[in-house]
Each structure stands twice: as C-alpha cells, then as structure tokens.
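Please look at the structure below before reading on.

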Amino acid sequence: MAEETGKSTDSSDICEKLSSRKRNILTPKRTLKVAKPHRCDICGKIFSENNLLVRHKRIHTGEKPYHCDVCDKSFSERSRLTTHKRTHTGEKPYLCDICGKTFYQKCHLTEHKYFHSGEKPFHCDVCSKSFFQKSHLTAHKNIHTGEKPYHCDVCGKSFSEGSTLTKHKRSHSGIKPFKCDICGKSFSLASHLNRHKLIHTGNNPYHCDTCCKSLSIVT
C-alpha cells in the first residue's frame with residue numbers, strides 16, 4: 001500500500017497509534033466527584049465543608065467549647081477566643097499605616113481606615129444614610145424599626161443604641177470618666193466636658209441673634 005500511494009509508512013507510528021488506542025480502551029474514564037452538600041438539619045443552611053457545618057450548629061446548640069483560662073469566658077470559635085485573649089495581654093497586632101493606631105481585630109482596623117478615606121460603605125436601605133462601621137448602621141436601623149434592645153438592669157429603661165445605654169448607666173453609678181485637665185472637674189459625658197472647657201478658654205461659640213451677645217453654653 002505504501003508503494004501504491006507513494007508514501008512511506010513508519011512502523012513505529014503505527015505501533016504508537018495502536019498502543020494509544022489500546023490504552024484508551026483499557027483505561028476507565030475518570031468521573032468528576034461532586035461534593036455532597038452539608039446541610040444543617042435545624043435551619044436547612046448548606047455548607048461546602050463539614051467543619052463549617054459543625055461550627056454553624058453551635059449557634060443552635062449554644063455550645064462554646066473554647067474557654068479562656070484567665071476569666072473563664074467561653075466562645076463558640078477558637079478564633080474568637082484568640083481575639084478575646086488580647087484584651088488580657090493588651091496585644092494589638094493590627095497597625096494603621098496612616099496614623100499608627102493599633103487594634104485587637106483586623107476588622108476594626110479595616111473600619112478605622114474608612115475614617116481616613118472618608119468612605120462610608122454601610123448604607124441604610126430606608127433613608128440612605130451611610131456609616132463608617134456596620135455596628136453603627138445596625139444601631140441606626142433601630143430608629144426606623146422602633147426597636148430598643150438595650151435595657152438598663154437598674155431602672156428598666158430601654159435604648160436603641162448600646163452606647164446610649166452605657167451613658168445612661170452613669171446616672172446610676174455616678175461614674176464620671178471625663179476629667180478636665182485644667183481644674184480637675186469630672187463629667188459623665190464627653191460633650192459636657194467639652195462644653196465646660198469653654199469656660200477656661202473664654203470661647204463663646206453661641207450667639208444671640210437678637211442682642212448679639214455671645215455665650216459659652218446654650219441656656
């Protein structure tokens with residue numbers, strides 16, 4: 001046949017083709033393994049890995065297997081215990097390369113940097129107001145819903161923001177953490193201290209539009 005067509009046929013090429021065909025016949029086809037989803041039997045949420053499902057289930061069971069050996073506080077995740085321990089050691093490994101401020105958690109550093117950039121990535125879907133921090137958005141949304149989840153355990157009064165509850169509790173405890181560095185007088189709120197300092201500086205930022213008199217405080 002090679003002489004009739006004028007083409008030479010290399011026997012090694014023929015052997016290679018036959019060998020390749022034989023391998024294709026004998027070698028079983030590989031089947032793609034489809035990862036079986038790991039579904040929570042309580043809420044139906046699906047996870048790609050079993051360890052993620054195990055960690056998720058602790059939300060339902062309330063299990064907190066990771067214990068702090070300093071204060072006995074417990075956590076559902078090891079990473080949260082690691083972060084918590086920094087409150088005891090004072091370690092703040094996340095450094096802002098703009099102002100040098102340090103933080104316990106990376107997410108706090110990320111949110112802090114928004115102050116430098118001016119970016120407010122957390123938007124309210126009701127009034128379109130924006131915030132630097134997600135926690136501030138969560139607290140803000142309580143204004144729209146009327147929810148007041150923060151309760152004073154002394155008088156029972158409720159608040160929409162945790163920071164407002166903290167300030168309120170000082171009225172019961174008498175704690176005044178804001179101290180004037182000029183006269184030593186203390187105040188329960190930072191805004192009260194700032195207003196007090198105007199007495200020392202002589203600054204009168206409030207002007208009466210009737211008599212043009214200037215005042216250090218609004219009465």
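## A proline between two elements

Leaving out residues up to four places away in sequence, Pro 177 touches Arg 170, Phe 187 and Ser 188, where contact means heavy atoms within 4.5 Å. Pro 177 sits in the loop between helix H7 (162–173) and strand E11 (178–179). Helices (H or I, at least four residues) and strands (E, at least two) are DSSP runs, numbered from the N terminus. Pro 177 counts as partly exposed because its relative accessibility is 43%; buried means under 20% relative accessible area, exposed over 50%, and partly exposed in between (1.4 Å probe, protein chains only). Pro 177 and Ala 190 are 13 residues apart along the chain, and their C-alpha atoms are separated by 8.5 Å.

## The model and its confidence

This is a predicted model, in which local features need pLDDT of at least 70, side-chain atom pairs count only at pLDDT 80 or more, and totals for chains, interfaces and linings use all residues. Residues are numbered from 1 along each chain as its sequence is written, and side-chain values use heavy atoms, with hydrogens and water left out.

The predictor's confidence in each residue is called pLDDT and runs from 0 to 100. Its average over the protein is 81, and 78% of the residues score at least 70. Among the elements, strand E5 (residues 94–95) has the highest mean pLDDT (94) and helix H1 (residues 2–5) the lowest (43). Over residues 1–9 pLDDT stays under 50, and the model has three contacts beyond four places in sequence for this stretch. Where pLDDT is low, the predicted coordinates should not be read in detail.

## The chain as a whole

The protein has eight helices and 14 strands. Of its 219 residues, 19% are buried.

UniProt, in an unreviewed entry, places the feature "domain: C2H2-type" at residues 38–65, 66–93, 94–121, 122–149, 150–177 and 178–205. UniProt positions are given in the numbering used here, feature names are shortened, and annotations may be inferred rather than shown by experiment. Residues 94–121 are 43% helix and 14% strand, with end C-alpha atoms 21 Å apart. For residues 150–177 the values are 43% helix and 14% strand, again with 21 Å between the end C-alpha atoms.

The expected span of a helix is 1.5 Å times one less than its number of residues. Helix H4 (residues 78–89) has 12 residues, so it should span 16 Å at 1.5 Å a residue, and the 17 Å between its end C-alpha atoms agrees. Its buried residues are Leu 81, Thr 83, His 84 and Arg 86. They pack against strand E3 (66–67), strand E4 (74–75) and E5. Just after H4, Gly 90 takes a positive phi of about 80°.

Helix H5 (residues 106–117) also has 12 residues and reaches 17 Å from its first C-alpha to its last, close to the expected 16 Å. Which residues of H5 are buried? They are Leu 109, Glu 111, His 112 and Tyr 114. The cover over these buried residues includes E5, strand E6 (102–103), E7 and H6.

## The core and a buried asparagine

A nonpolar core is a set of buried Ala, Val, Leu, Ile, Met, Phe, Trp, Tyr and Cys residues joined through side-chain atoms within 4.5 Å. The largest one has six residues: Tyr 114, Phe 122, Cys 124, Phe 131, Phe 132 and Leu 137. Beyond four places in sequence, Cys 124 touches Lys 129, Leu 137, His 140 and His 144.

Asn 142 belongs to helix H6 (residues 134–145). Is Asn 142 buried or exposed? Asn 142 is buried, because its relative accessible area is 8%. Its side chain reaches the backbone oxygen of Ser 160 at 2.8 Å. Neighbours within four places aside, Asn 142 is in contact with Glu 147, Pro 149, Tyr 150 and Ser 160.

## Exposed loop residues

Asp 125 lies in the loop between strand E7 (122–123) and strand E8 (130–131), and counts as exposed because its relative accessibility is 64%. Ser 128 is found in the loop between E7 and E8 and has a positive phi of about 70°, although it is not a glycine.

Notes. A polar contact is a pair of N or O atoms within 3.5 Å; within protein, one must be able to donate a hydrogen and the other to accept it, and residues adjacent in sequence count only if both atoms are side-chain atoms.
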